[in-house]
Amino acid sequence: MSVTPLAAHVSTQSAAFRGRIGRDARSGHYAVPRRYRLHLSTACPDGLRIAVAHALLGLDDSCPATFLPPIPDCTDGGHAVLRPLYDASAHRYAGPALAPVLSDDWSGRIVSTHAPDITRDLARRFACGRPDLYPSGAESEIEAVERMCAQGIEEAAQGAGAPGARPAERDEALGTLLRALGALDRWLDGRTHMLRHQITAADVELWVTLVQLDTVHRHHLDAAAVQRVAAHPALWDYARRLTADPAFGAHLDLDAIARRHHARCQGLEAAGAAVQILDWTAHAAAGTEARPRVQGY
């Protein structure tokens, strides 16, 4: 699979705050243990990505995480418990109080709501001696995987299952999806990880995308399409192996993902809903005991 520099992954929501954690005190926000806190819902793809990276990096003590319910409790789609942070961070903020959030306990304000920036800052500023999720020189390759996941899989799967689309449009989107999966399947044949013989942010990105494909997008595809999606053995074996890693599997809450999907989805369920590709629960069993508890404030 050729990997070329592409623009970074686009978060599933427009980020209201884009602060960054810098190297030292001159940056304002700089890395200090227990200064920052994550607020995540692992039913959300962005929240799941951050939670997995956070676990891989072993940051429970240095940057605690609070886990939110899968379905926001405000009519605008936001979380009521996050509203004080949003109000403190922007005068008369009128939008929904969305997760994920990286907040600063020193100021009581939000640093960032942009998931890709949050993940990069955690990996670069806090991960001393931990797995290098963004190895030197690999940024363009990671961004290419992010773009393939966002456009070749996520957007294509949505298009292939779009209820109002014409059959030709759905077929075209399915073709795009199958080409992306085929390229990834060939690339992963004989490989353990996406890049450089080590786990990187590319693996986190692809794993979350495959979780969404099988637990959300599959429900709007016909059975024949799901069978074609499933016919990529190297790719799904790769997903199975990562799921058995507690850093991944412990954060996989299929019930929460289903509840979030049913609360937001406007489309009709198709025959593919009955054709599960992976038994995610069975493969995640090794990490089940470590699953984080959804907390209040």
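1. Angles under 35 degrees count as roughly parallel, those over 145 as roughly antiparallel, those from 65 to 115 as roughly perpendicular, and the rest as oblique. In this predicted model, helices α1 and α6 pack with an angle of about 140° between them, their axes being 10 Å apart. The two helices are therefore oblique to each other.

2. The crossing of α1 past α6 is right-handed. On the α1 side, the contact is formed by Pro45, Leu48, Arg49, Val52 and Leu56. On the α6 side, the contributing residues are Val204, Glu205, Trp207, Val208, Thr209 and Gln212. Sorted by class, this contact of α1 with α6 comprises seven nonpolar, two polar and two charged residues.

3. Four strands make up an open sheet with mixed pairing, in the order β2-β1-β3-β4. Strands β2 (65–67) and β4 (109–112) are at the edges; each has a single partner strand, so one side of each lacks a neighbour in the sheet. From one strand to the next, the twist averages 35°.

4. Within the sheet, β1 and β2 are paired in the parallel sense, over three bridges. Leu40 has Phe67 of β2 opposite to it. Helix α1, spanning residues 45–57, lies across both β1 and β2 and runs at about 135° to β1.

5. As background, most peptide bonds are trans, and most residues other than glycine have a negative phi. The peptide bond between Ala99 and Pro100 is cis, with omega at about 5°. Pro100 is placed in the loop that connects α2 (83–89) and β3 (101–104).

6. Arg34, a residue other than glycine, has a positive phi, near 70°. Arg34 belongs to the segment before β1 (36–40).

7. The position of His197 is in the loop between α5 (167–188) and α6 (201–215). With a relative accessibility of 79%, His197 counts as exposed.

How values were computed
Residues are numbered from 1 along each chain as its sequence is written. This is a predicted model: local features need pLDDT of at least 70, side-chain atom pairs count only at pLDDT 80 or more; totals for chains, interfaces and linings use all residues. Side-chain values use heavy atoms; hydrogens and water are left out. Buried means under 20% relative accessible area, exposed over 50%, partly exposed in between (1.4 Å probe, protein chains only). Two strands pair if DSSP finds at least two bridges between them. Axes are lines fitted to C-alpha atoms, for helices over the stretch in contact, and angles run from 0 to 180 degrees between N-to-C directions. Contact means heavy atoms within 4.5 Å. A crossing is left-handed if the near helix is turned anticlockwise from the far one by less than a right angle, and right-handed if clockwise. Ala, Val, Leu, Ile, Met, Phe, Trp, Tyr, Cys and Pro count as nonpolar, Asp, Glu, Lys and Arg as charged, and the others, Gly among them, as polar.
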